[in-house]
Amino acid sequence: MLDIANLSLRYGRHLALDDVSVSVGDQETVVILGANGAGKSSLLKAVSGMVKTSGQTAMSLDGLSLLNMPPHKVPDAGIALVPEGRGIFGELTVDENLMLGAHPQRARGGEAARLELIFDLFPKLAERRKQMARTMSGGEQQMVAIGRALMSNPRLLMLDEPSLGLAPIVVTELFAALRRIRETGVALLLVEQNVSISLAIADRGYLMEAGRIVGENTASALMTDPAVQQAFLGGTTTDLS
């Protein structure tokens, strides 16, 4: 499905990503772990076409090259990004935000079924369809952002720090919804500071440090790896089963 090889990215003289290789299989959930500044968000931006890569980068979705693809064309290829900070339109209603996600050609038709899925995942949105997004809580706004991304009918949903700034009970609700989304067949590529809860829904994980991939394993192996527990989990794990 998504194949990235030798991805390098510079911001001026700063090397943000250095020869990064990552893959996400069909219907697979993959999490990228690393400290702030490790390059995780830059990776998602590169896939989304928001930043230009350098070097001998190869990046494709089911064989379709993503290199130099304009950002507005990436959703048509089947990739949707929920950015850090959500990026919703505060002066628009929930309904209006969601329908903006249905713009790609691949999303034409089937909007009603996807809305039904979103409202099943996030019942609060069904109750507040006519509410201005800026008046909603942070957790509700994140639900809007995820719902808007799902309206594009993605094969791969990428999320950048979806739990950032949210109360623990909202985080639990949010990740329960992500588990259900993966069960619909949508692949997930997740950047998340809450490492234990993201590993609990993932198949595999990569470790990033200073713009490089420094480790890779199954989620269950990473969850029990003493070095990963010490660095990211504080010696504890979270059970979402």
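**Exercise 1. In this predicted model, find how strand E3 is joined to strand E9, and which way the two run.**

Solution. Start with E3 at residues 29-33 and E9 at residues 204-209. Four bridges join them, and the two strands run parallel. For a spot to look at, take Val30, which stands opposite Arg204 in E9.

**Exercise 2. Work out the strand order of the open sheet, and which strands stand at its edges.**

Solution. Line up the six strands: the order is E6-E7-E8-E3-E9-E10, with mixed pairing. Now check the ends: E6 (79-82) and E10 (212-218) each have a single partner strand, so one side of each is left without a neighbour in the sheet.

Helix H6 (residues 138-150) touches E6 and strand E7 (156-160), and the direction of H6 makes about 170 degrees with that of E6. Helix H7 (residues 168-183) also packs on the sheet, touching E3, E7 and strand E8 (187-191). The direction of H7 makes about 150 degrees with that of E8.

**Exercise 3. Sort helix H4 (residues 111-121) into its buried side and the face turned away from that side.**

Solution. First pick out the buried residues, under 20% relative accessible area: Arg114, Leu115, Ile118, Phe119 and Leu121. Then look down the axis of H4: these residues fall within an arc of 155 degrees, so they line one face of the helix. Last, ask what covers the buried residues of H4: the cover includes helices H3 (94-100), H5 (123-127), H6 and H7.

Definitions and conventions: Residues are numbered from 1 along each chain as its sequence is written. This is a predicted model: local features need pLDDT of at least 70, side-chain atom pairs count only at pLDDT 80 or more; totals for chains, interfaces and linings use all residues. Side-chain values use heavy atoms; hydrogens and water are left out. Two strands pair if DSSP finds at least two bridges between them. Contact means heavy atoms within 4.5 Å. Axes are lines fitted to C-alpha atoms, for helices over the stretch in contact, and angles run from 0 to 180 degrees between N-to-C directions. Buried means under 20% relative accessible area, exposed over 50%, partly exposed in between (1.4 Å probe, protein chains only). The arc is that of the directions from the helix axis to the C-beta atoms.
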